[in-house]
Amino acid sequence: MKTRIRRFSETVKIRSSVFNRLRSHKYFSLSLLITVVLAASCIHIWQRVVVLDLVADVSHLRSENASLIDATRKVHSDITALSSSARIEQYASDSLGLETISAERLYTLVGERRDAPEPSDEMATVLAAVKRVAAHIPSVTRSSASAGELPRTTIDSLTEKGADK
């Protein structure tokens, strides 16, 4: 009968859960401690690698930012040099064949002033804008058609006198 009890107790040990058997092992606490330390070490090394990668990225971005700022300054200085009046004058005379005119030949066109409605009267403002647009809309009647174009403007009266001769 002892053999049967012995067999029963062995089968109970075999059928017990794996976790309970591992937990009851004499090296369980040591292996758990080693696993935790190993996991913490892996996480620390991974974090350090990520931080060093980010530091390299920041360094690259700073150098790129400095080069872009330098390029922007160069472009602004080029714009300043190219937009100087002396350079524009030289370009106009050399490339375009333009020449400087005297003050007697220079004149200014002044447009007709139209009485603008007061800003407080919004309806009058809208009507005035519609009338200005309507003045240039093409119109067709039975006897004529007009495109509502502006009359041709004479730019230089001396040139036209020379062209008539």
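In which helix is the place of Leu-30? Leu-30 belongs to helix 3, which covers residues 28-82. The model is a predicted one, in which local features require pLDDT of at least 70 and side-chain atom pairs count only at pLDDT 80 or more, while totals for chains, interfaces and linings use all residues. Residues are numbered from 1 along each chain as its sequence is written, and side-chain values use heavy atoms, with hydrogens and water left out.

The protein contains 6 helices and 2 strands, arranged along the sequence as α-α-α-α-α-β-β-α. These elements are DSSP runs numbered from the N terminus (helices H or I, at least four residues; strands E, at least two).

Confidence is expressed as pLDDT (the predictor's confidence in each residue, from 0 to 100). The protein has a mean pLDDT of 79, with 67% of its residues at 70 or more. Helix 3 has the highest confidence, at 95, and helix 6 (residues 157-164) the lowest, at a mean of 48. Over residues 160-165 pLDDT stays under 50, and the model has 1 contact beyond four places in sequence for them (contact: heavy atoms within 4.5 Å).

Of the 165 residues, 1% are buried (buried: under 20% relative accessible area; exposed: over 50%; partly exposed: in between; 1.4 Å probe, protein chains only). The accessible surface amounts to about 16200 Å², and carbon and sulfur atoms account for 62% of this (Shrake-Rupley method, 1.4 Å probe; for residues, only the protein chains shown count as cover).

Leu-30 is partly exposed, because its relative accessibility is 47%. Together with Tyr-27 and Ile-34, Leu-30 forms a nonpolar surface patch with about 320 Å² of accessible area (residues with over 30% relative accessible area and no salt bridge; nonpolar side chains, namely Val, Leu, Ile, Met, Phe, Trp and Tyr, joined within 5 Å, and like charges within 9 Å).

The structure holds 1 salt bridge (a side-chain nitrogen of Lys or Arg within 4 Å of a carboxyl oxygen of Asp or Glu). Asp-70 pairs with Lys-74 in a salt bridge, with 3.5 Å between the closest N and O atoms. Both residues, Asp-70 and Lys-74, are in helix 3 and 4 residues apart, about one turn of the helix. Asp-70 has a relative accessible area of 38% and therefore counts as partly exposed.
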